[in-house]
Amino acid sequence: TNCDGIYYVDQLIVPNAKRIDFLNYAQMRCFSHLGARILSRRCVDLAADLGVIVRVQLSPALGKSSGGTIIGPVKLENSGEEIEAGIAIQPKVVLLKFFLPAKLDVKQFFRALANFCLIDSGLNHESESYLIVAEEDCEEVVKRINNFKKITIKEERGFASLSLIDLRMMDASGYIDRILQALDKMMVRL
């Protein structure tokens with residue numbers, strides 16, 4: 001790739017960001033789903049299904065790699081520290097707002113959008129619903145939503161998505177404190 005591995009935060013935003021030495025497949029899937037643009041989720045799924053260990057590193061045409069990031073099923077000996085948290089940044093996203101028809105089959109709705117990275121969603125039959133999608137997917141997502149009758153979509157552009165990734169946050173209290181600690185560790189100041 002054009003960078004020497006996967007970092008806790010995009011190096012274009014935080015030039016001295018720390019590189020992650022190892023990610024397991026589930027962690028990389030999470031990063032990919034939330035906007036990390038190094039490997040697509042489909043690529044990670046394929047590697048996991050086939051048991052392939054992936055090394056993400058700097059392309060030889062761009063310079064010498066200093067090791068990169070290993071993605072695999074389990075942590076390998078001497079592969080560095082375990083990931084604690086990271087930030088995935090999607091610089092151009094579109095907020096799609098719409099009202100759902102009362103009899104919409106939600107499973108069918110999401111099946112129609114299965115090939116796209118939905119950064120966030122909030123569906124509600126009683127009030128306004130929303131999807132946040134990558135700008136490059138927006139046109140096709142809107143076409144697919146328009147296949148459902150009686151849905152009018154309002155697009156809002158000019159947004160970016162910043163997602164904190166820390167799988168430990170799902171199990172314990174102190175969520176906001178851990179977010180602030182993770183941002184501080186990555187040298188992101190609020």
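Me: What makes Phe109 and Phe148 buried or exposed in this predicted model?
Reply: Both Phe109 and Phe148 are buried. For Phe109 the relative accessible area is 0%, and the cut-off for buried is under 20%, so Phe109 qualifies.

Me: And what makes Phe109 and Phe148 an aromatic pair that is called tilted?
Reply: Their rings sit 5.5 Å centre to centre, and the limit for a pair is within 6.5 Å, so they count as one. The planes are 50 degrees apart; under 30 would be stacked and over 60 edge-to-face, so tilted is what remains. Phe109 is in helix H3 and Phe148 in the loop between H4 and strand E9 (154-165), 39 residues apart, so the pair links distant parts of the chain.

Me: How many aromatic pairs does the structure hold?
Reply: There are three aromatic pairs. One of them is Phe98 with Phe109, at 5.9 Å centre to centre and 40 degrees between the planes, again tilted. That pair also links distant parts of the chain, with Phe98 in strand E6 and Phe109 in helix H3 (residues 106-112), eleven residues apart. Ring pairs join Phe98, Phe109, Phe110 and Phe148 into a cluster.

Me: Why does Phe98 count as buried?
Reply: Phe98 has 1% relative accessibility, and buried means under 20%, so the label holds.

Me: Which residues of the largest nonpolar core touch the most other members?
Reply: Phe109 turns up again here: of the 17 residues, Leu96, Phe109, Leu131, Val133, Val141 and Ile145 touch the most other members. Strand E6 (86-98), strand E8 (129-134) and helix H4 (135-146) are the elements giving two or more residues, and H4 gives the most, with four. There's also a second, separate core of 14 residues, including Met28, Leu39, Ala48 and Val56.

Me: What is Val133 in contact with, beyond its neighbours within four places in sequence?
Reply: Val133 is in contact with Lys92, Val93, Val94, Leu96, Cys117, Leu118, Ile119, Cys138 and Val141.

Me: Now Ile6: why is it called buried?
Reply: Ile6 has a relative accessible area of 3%; the label needs under 20%, so Ile6 is buried. Ile6 lies in strand E1 (residues 6-7), and past four places in sequence it touches residues including Met28, Phe31, Val56 and Thr69. Ile6 and Leu39 are 33 residues apart in sequence, yet 9.4 Å apart in space, C-alpha to C-alpha.

Me: What makes E3 and E4 edge strands?
Reply: Strand E3 (22-24) and strand E4 (54-56) each pair on one side only. The order in this open sheet of three strands is E3-E5-E4, with mixed pairing, and the twist averages 20 degrees from one strand to the next.

Definitions and conventions. Residues are numbered from 1 along each chain as its sequence is written. This is a predicted model: local features need pLDDT of at least 70, side-chain atom pairs count only at pLDDT 80 or more; totals for chains, interfaces and linings use all residues. Side-chain values use heavy atoms; hydrogens and water are left out. Buried means under 20% relative accessible area, exposed over 50%, partly exposed in between (1.4 Å probe, protein chains only). Contact means heavy atoms within 4.5 Å. A nonpolar core is a set of buried Ala, Val, Leu, Ile, Met, Phe, Trp, Tyr and Cys residues joined through side-chain atoms within 4.5 Å. Rings of Phe, Tyr and Trp (its six-membered ring) pair if their centres lie within 6.5 Å; planes under 30 degrees apart count as stacked, over 60 as edge-to-face and the rest as tilted. Two strands pair if DSSP finds at least two bridges between them. Axes are lines fitted to C-alpha atoms, for helices over the stretch in contact, and angles run from 0 to 180 degrees between N-to-C directions.
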